[in-house]
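Let's take a walk through this model together. Have the chain on screen and follow along as the stops come up.

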Amino acid sequence: MKLRLAGILVAATSCVSPGTAQVCAVPADRPTVTAAVADAGCSHIVLAAGTFEETVPIDRSLAISGTGSGSSVVAGRVTVEGVGTVVDLNQLTVDASGALGGCYAEALSVSPGASVSTFRAIFVNAAGSGS
């Protein structure tokens, strides 16, 4: 979109180019969350309702959204690494308690320099406490 303000042409751009952003559905487009994360073309990963038993290492910026914190569950652990890596986790549960598979001390591990934002996300650690 271009705007003309007082004779000055201003081009408005977005942070993610619409031509390069790709939504990948799990399991419809990719069989696992990890496979979607590994695909550099997937910038927004959408989880169907269900339980995904896996450990998900993330080393690049992306978003993962579920259908609801009680509906889309990663039974395992999510690790976010890499300076400048920004991950959005929305409407999902990460359960590392072992009740659903995979027992880890923490459901979410974020290395120094990486960041995570969440919206309606639940994290259940091995001790059973949520955060």
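Predicted model: local features only at pLDDT ≥ 70, side-chain atom pairs only at ≥ 80, totals over all residues.

Residues are numbered from 1 along each chain as its sequence is written, and side-chain values use heavy atoms, with hydrogens and water left out.

Let's start with Arg120, which sits in the loop between strand 11 (115-119) and strand 12 (122-124). Helices (H or I, at least four residues) and strands (E, at least two) are DSSP runs, counted from the N terminus. Arg120 counts as exposed because its relative accessibility is 59%. Its phi is positive, about 50 degrees, although Arg120 is not a glycine. Gln91, also not a glycine, has a positive phi of about 50 degrees too. You'll find Gln91 in the loop between strand 8 and strand 9 (93-95), and at 26% relative accessibility it counts as partly exposed.

Another backbone detail turns up between Val26 and Pro27: their peptide bond is cis, with omega near 5 degrees. Pro27 belongs to the loop between strand 3 and helix 1. For background, most residues other than glycine have a negative phi, and most peptide bonds are trans.

Now head inside. A nonpolar core is a set of buried Ala, Val, Leu, Ile, Met, Phe, Trp, Tyr and Cys residues joined through side-chain atoms within 4.5 Å. The largest one here has 25 residues, and Val33, Val37, Ile45, Leu47, Ile58 and Ile64 have the most contacts inside it. Among the elements giving it two or more residues are helix 1 (33-38), strand 4 (44-47) and strand 7 (72-80). Leaving aside residues up to four places away in sequence, Ile45 touches Cys24, Val26, Ala36, Val37, Leu62, Ala63, Ile64 and Ser65, where a contact means heavy atoms within 4.5 Å.

Ala75 is buried, because its relative accessible area is 3%. Thr55 is 20 residues from Ala75 along the chain, and their C-alpha atoms are separated by 7.8 Å.

Terms used: Buried < 20%, exposed > 50% of the residue type's maximum accessible area, 1.4 Å probe, protein only.
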